[in-house]
Amino acid sequence: MTVLKHPAQEKLADLDGFRVEIDAKQKRADIVLDRPPFNIISMAQRDQLRLVFESLDENDDVRVIVLRAEGEHFSSGGDIKGFLEASPEHVSKLAWNIAAPARCSKPVIAVNQGYCFGVGFEISLACDFRIVTETTQYALPEQKLGQIPGSGGSARLQKMVGITRTKDVVMRSRRIPGKQAYDWGVATEYVELSDLAAATDRLVKELVYFSPLAQRTAKKLLNDSEDASLAAGIELEGHCYSRLRSSDDFREGVEAFHGKRAPKFIGS
């Protein structure tokens, strides 16, 4: 049984619609949506997902986090009835909860098969890497309910593909097939469904190989400089480079390169 530690421990006592698997040997944690067949995400589950990401971010046994799902579909979206029953205060926290993968300092991989709609798409967009297959369908269908995306979906998508494509997806509730998502730059990798688990394993092993300190720095730099001017982004990159130059991991990387051996990074 996976034990998670967080100041709000009581909220993690009974996970709603998902489970957490930690493989300390592989330095990997899997957050697995587990309410098949459509893995509908409840309001309470959104709070818990945020808390779990925060807990795993503090876990030294974890280097990479994988967000995946049981069954044919990643998630068909949120519990629609829950929106009507939720308080305005709760609804106002939706985007903050779903942005947890982006705030997490560690690499987060979304494994997206089948339906990936609404909040399922939004939380995937907040991840660092998205692996899709021929079965994947992304969508933000809120217009069909007389609503708009409420957890960062339209904003994140527009950053990736521009306003024209985003209007086409959001205002028409249009689906994006997996191959098109890859061609547009929304997905990191496009693989056959039969290769999805193996492709995920390969990416995890690749990411674990690198310096955890350099990975955290790169993720924060890229997130923080996304809205910066070119000059500001270059300056911020220079400051980050300068700080890493004095790190143990950088010294180890240089020595390993010259010694023609694999580096052993420790994260400092």
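Predicted model: local features only at pLDDT ≥ 70, side-chain atom pairs only at ≥ 80, totals over all residues.
Hi everyone, let's start with Asp16, which is partly exposed at 24% relative accessibility; buried means under 20% relative accessible area, exposed over 50%, and partly exposed in between, with a 1.4 Å probe and protein chains only. Residues are numbered from 1 along each chain as its sequence is written, and side-chain values use heavy atoms, leaving out hydrogens and water.

So, what does Asp16 pair with? Its side chain meets Arg35 in a salt bridge at 3.0 Å, N to O; the rule is a side-chain nitrogen of Lys or Arg within 4 Å of a carboxyl oxygen of Asp or Glu. Arg35 sits in the loop between β2 (28-33) and α1, and Asp16 in the segment before β1 (18-23), so the pair ties together parts 19 residues apart in sequence. Helices (H or I, at least four residues) and strands (E, at least two) are DSSP runs, numbered from the N terminus. Arg35 is partly exposed too, at 30%.

By this rule we count 17 salt bridges. One of them joins Asp227 and Lys159 at 2.4 Å. Asp227 lies in the loop between α11 and α12 and Lys159 in helix α7 (residues 153-161), 68 residues apart. Asp227 is exposed at 60%, and Lys159 is exposed at 51%.

Arg63 is buried yet has no salt bridge.

Key:
Lys, Arg positive; Asp, Glu negative; His and termini not counted.
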